[in-house]
Amino acid sequence: MSKSINLKLQVWRQENEETSGDFHYYSMNEVPVDISFLEMLDILNENLTKEGVEPVSFDSDCREGICGTCGFVINGIAHGPQAKTTVCQLHMRHFNDGDTLVIEPFRATPFKIVRDLVVDRGSFDKIIQAGGYVSINTGNGPDANSILIGKDDAEEAFDSAACIGCGACVASCPNASAALFTSAKISHLLQLPQGKVEERARVKSMVDKMDEEGFGACSNHGECEAVCPKGISIKNIANMRRSLIKSIVK
Amino acid sequence: MSILKAALPEKDIVTHVTKLDGKTPGGDLHDKWSKYKSEMKLVNPANKRKYNILVVGTGLAGGSASATLAELGYNVKTFCIQDTPRRAHSIAAQGGINAAKNYQNDGDSVQRLFMDTIKGGDYRAREANVYRLAEVSTNIIDQCVAQGVPFARDYGGLLTNRSFGGAQVSRTFYARGQTGQQLLLGAYSSMMRQVAKKQIELYTNKEMLDLIIIDGKARGIVVRDLKTGKIETHTGEAVVLCSGGYGNVFFLSTNGKNSNATAAWRCHKKGAFMANPCFTQIHPTCIPASGEYQSKLTLMSESLRNDGRVWVPKSEDDKRPSDEIPDSDRDYFLERMYPAYGNLVPRDVGSRAIKRVCDEGRGLGATGRAVYLDFASAIDRLGKKNISDKYGNLFDMYETITGESPYNMPMRIYPAIHYTMGGLWVDYDCMSNIPGLFVLGEANFSDHGANRLGASALMQGLADGYFVIPYTIGNYLANNSMDAVSDTAEEFKESVDEVKKKNDSLLKINGSSTVLELHRELGAVMWDLVGMARTKESLADALEKIPQIKDKFWNDLNLMGGGDNLNKSLENAARLADFLELGELMAMDAYDREESCGAHFREEYQTSEGEPLRNDEKFAYVSAWEYVPNSTSILHKEDLDYEFVEMTQRNYK
Amino acid sequence: MTSFIKVSSVLKKIIIAVTGISLFLFLIVHLLGNITIFTGSPPGRDFNAYAHFLESFGILFTIAELGLLGFFGLHIITALYTNLVNFKSRKSRYAVSSFAGGKSKKTVASTSMVITGVVVMAFLIWHVLQFRLGPYYETIYSSVNNGEPVRDLYRLITEEFSSIWVVLGYTISLTLLSLHLGHGFWSSFQSLGIYGKTFTRITYSVSYLLGLIISLGFLVIPLYIFWIN
């Protein structure tokens, strides 16, 4: 139970958006393997504070893998080596004694580095503002059961809707593309009758916004799907493209 | 004997003579809300755009309120501490949302949901509020489906339901184990639509640090930009506080790391009453803590108790692995103790039963603080596929954390702090005793009494935001004429100085204890002495220990960094400073309430079967505490007059 | 130009996919045509006859050639522009870059499309200068063009491919082409929104194989000519 490992950490430190950053090197001894990666960083920060060094800033909230707040890149992989897992749910049992871990923030021009490993993903909000909703005012909904949706369709829509907006897709994409994020929302809504109504305007507007925010173009590396904590499929990207073609042809 | 302990005995708690008025409209219970709506004053559409409304928090309550108020035409400014509003902690709610739709034709109705909620809250909630909640519950589902929330459906395309604790009908709507996420994203998307229309101004990475009251009305807030440390001010005609609960006072809880009481507590210090702070809910099914570095606890949805069976070995000496213990040597204690509800008893009842068997020494593992939640019989009965469809993501989550698969061996669970029923006191309009300060969702105290039923938090957050505040805020604005205020007013200047001074003083302590250490220390005291079971002695003890930690905090805090950029330690320290004060009030409130009710369990007051024993004669009131600087808080009481429901002893047997 | 830039990134990828698929089809036709190198007697007769047959379309052939040039141009410009945008979208690079594995389709080929693409483009220019615009030899076959002279491309080929450097250049370029096609083939369908669990699994798994087959098919010629010389 109480097995522990020693690690070498190479952590990106950067004061704020304007300054340039660099790597700092820390040794972590006797890290219990049952704790999570963020708890390991908690220990690091406690040690640093005691030594009179400012702790490493990193973001986290729910620590259950659902809020999408946490996230950084470990040895070149967003959210680390474990598939379908955010860093808060990544446990130290997946690492070996003596490992060197290079920890970098999610890098993409639209994600400004706030400090150290903390980035601002507000540009995702802008993409949603461009049409990631159903235009309905409160109180206008018809009886919930008056809209029939087949179980399989509902499940598929859910698969797309499961996105937590953590930004790992962008971080892992060689082009820093937000295609997976954007398409997941487009795809969620177009698979439901409620969302279908606005499909054409939505897809055009959201895709344009995604470009405008400075994200790259998807060139089908599929790395996003592999690092996505919710396993969101690149099928959504295909759906978005089909939808865009339809919106042009019609 | 310390000064504090001396100040404790009952007679020293100052009780205000005038009773608090919840301003419940008259008339029959069933008609109160429709009567209110038809008689309230309206703000005409052209005037709505003249009003600025400040919404603090973007969870279910804040998100839905922002969106709805903006749709009505008000100018809304919304604030959240995260980089995007979609991260509010409502997102972590797993199991579902209740609504009296009666789609299952199993006898549900608004009346029954109302009764279940009142009874579940152990008769410590305001009747009229709870009835309204049950009444609008059905609209919530319609609204969410229309937004595109992918609720679970059956093969015919209709919505499906599951059962939750404290109810004998299936009325819980769900989206796999991520209902909170999907509902929040629904509210968030409606909100984003209004941001695009420039009807909402969105302020992210801002933390509310003070409430500004001018001429007796809430007229503005002071926020800190968490990225730059800049202190900013915002003015408005009303403030809608939706900042969530204060479970993190216990350090280990299922709340997110950033969930905090600061916004609410600063309002309290400006005069808003804090109601029933001792009503904190313990959720029975969480993953047990594994060691000293544990940073938070993870909940396993209550819905698991639909198919999971809770048990421990009959004998405390039985240390065999679970699969070697035959049925005859297992004690399915919830089924044994509560045959009618079985594994689906309300949360407080379940949690205490688990604590009891662990106290008897029958708990599992090295810590002895865990029981089994077993799916073997459900997998036999329904098949692995079926179980995986229902709970797949929860099982995966459990395996990720513990390294054990619930398909092969039973889960281990233990209760943890999960939700706080207490909060800022509000009247029927969801307005605090400070005019113009509205409080919604978990941040207020209103609807759950002494214990919240599963799947009711999502219901309340959305009910308040979508269907209550749009009416009541209009009524307030129409009834109150207000002069324009500017943030150059003296009140703002004073507050900004005060906030800056407080942050500076935190940064200057230069001691040796870290925020985390001190928070853990507070958490341990709260859990041991103000936790699942409380006694007069334990509470007195807490009231002595918390000020000691507070002293240590203000004299020995080790805080690195400065105040003019992102500094998580500073944020956490400022929040802990408030938790320390709140923790003390919680202990005080629990000390004052000499009865057991719902989640508040005073060991002195229990039935012969170990169930909570209420004292309706003396304690059928809401405790609303008024902050007094440098002195003991004053207790105001709002009597709970049950006009329509008869108070009885809860019985889940 | 501004209206081209304004075209969304998704649409640009669709342009790259449509032109890419067309060029892929062209390569197949080209490869099939190349088979004539191995047939006929004397050696080169069928090949020269095939070339003459194509040229005999006159203006239509020119239009087809210009069309092809247009497709190449569109493919290249759109791709280069997209790459520029992509480069800007991550101004500070990672110190460590890796492959996540699992469902990822990121490969050496997928991350070097612009490099392989540029090399192939340079190769194409060289290839066109070498043959289409190269020295004009003539020959006469009694059975071709009514005994009138036709261009002797076969002679040009044998001359060019007798140099080890040329053969080496072709080998390198065609190897890179195989990588380009390997990612490009399956990726085109994905860019056009054609996704199916089985369909995508199949196209992805045959994509690199197809690229290899096509490149090998082309590479056989220089190697064969070099060998028989």
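## Stop one: the two domains of chain B

Start with chain B, where the domain assignment gives domain 1 as 3-14 + 492-627 and domain 2 as 283-418. Keep in mind as you click around that this is a predicted model. Colour the two domains of chain B separately: their C-alpha centres lie 31 Å apart.

Now select what touches. Eleven residues of domain 1 of chain B are in contact with 14 residues of domain 2 of chain B. Between them, these two domains of chain B bury about 860 Å², and 57% of that is on carbon and sulfur atoms. Sort the domain 1 side by class and you get six nonpolar, two polar and three charged residues.

How many salt bridges cross between domain 1 and domain 2 of chain B? The rule finds zero. Polar contacts do turn up there, with a count of three residue pairs (both at pLDDT 80 or more).

Look for an open sheet of three strands, in the order β3-β5-β4, with antiparallel pairing. The strands at its edges are β3 (97-98) and β4 (161-162) of chain B; each has a single partner strand, so one side of each is left without a neighbour in the sheet.

Next, select residues 172-173 of chain B, which make up strand β5. Two bridges join β5(B) to β3(B), and the two strands run antiparallel. To see a bridge pair for yourself, pick Asn98(B): its bridge partner in β5(B) is Thr172(B).

## Stop three: where chain B meets chain A

Bring chain A into view. The contact takes 79 residues from chain B and 77 residues from chain A. Chain B and chain A bury about 6400 Å² between them, with 51% of it on carbon and sulfur atoms.

Polar contacts between chain B and chain A come to 45 residue pairs (both at pLDDT 80 or more).

## Stop four: inside chain A

Chain A has its own assignment, with domain 1 at 4-115 and domain 2 at 121-249. Their centres, taken over C-alpha atoms, are separated by 29 Å. The contact takes 18 residues from domain 1 of chain A and 20 residues from domain 2 of chain A.

About 1400 Å² is buried between these two domains of chain A, and carbon and sulfur atoms give 65% of it. Select Lys84(A), Pro110(A) and Phe111(A): within domain 1 of chain A they lose the most area to domain 2, together 38% of what that side buries. The count of salt bridges between domain 1 and domain 2 of chain A is zero, while three residue pairs are in polar contact (both at pLDDT 80 or more).

## Last stop: chain A against chain C

Finally, show chain C. Here 48 residues from chain A and 37 residues from chain C take part in the contact. The two chains bury about 3300 Å² between them, 55% of it on carbon and sulfur atoms.

Where is the one salt bridge that the rule finds across this interface? Zoom in on Lys103(C) and Glu225(A), whose closest N and O atoms are 3.7 Å apart. Chain A and chain C also have 27 residue pairs in polar contact (both at pLDDT 80 or more).

On chain A, the elements giving two or more residues to this side are β5 (100-104), α4 (168-172), α7 (199-212), α8 (223-227) and α9 (235-249). The largest share, nine residues, comes from α9(A). By class, the side of chain A that touches chain C has 27 nonpolar, twelve polar and nine charged residues.

How values were computed:
Residues are numbered from 1 along each chain as its sequence is written. Chains are lettered from A and ligands numbered from 1 in the order in which they are written. This is a predicted model: local features need pLDDT of at least 70, side-chain atom pairs count only at pLDDT 80 or more; totals for chains, interfaces and linings use all residues. Side-chain values use heavy atoms; hydrogens and water are left out. Contact means heavy atoms within 4.5 Å. Buried area is the accessible area (1.4 Å probe) that two parts lose on being put together, summed over both. A salt bridge is a side-chain nitrogen of Lys or Arg within 4 Å of a carboxyl oxygen of Asp or Glu. A polar contact is a pair of N or O atoms within 3.5 Å; within protein, one must be able to donate a hydrogen and the other to accept it, and residues adjacent in sequence count only if both atoms are side-chain atoms. Helices (H or I, at least four residues) and strands (E, at least two) are DSSP runs, numbered from the N terminus. Ala, Val, Leu, Ile, Met, Phe, Trp, Tyr, Cys and Pro count as nonpolar, Asp, Glu, Lys and Arg as charged, and the others, Gly among them, as polar. Domain bounds come from an automatic or database domain assignment. Two strands pair if DSSP finds at least two bridges between them.
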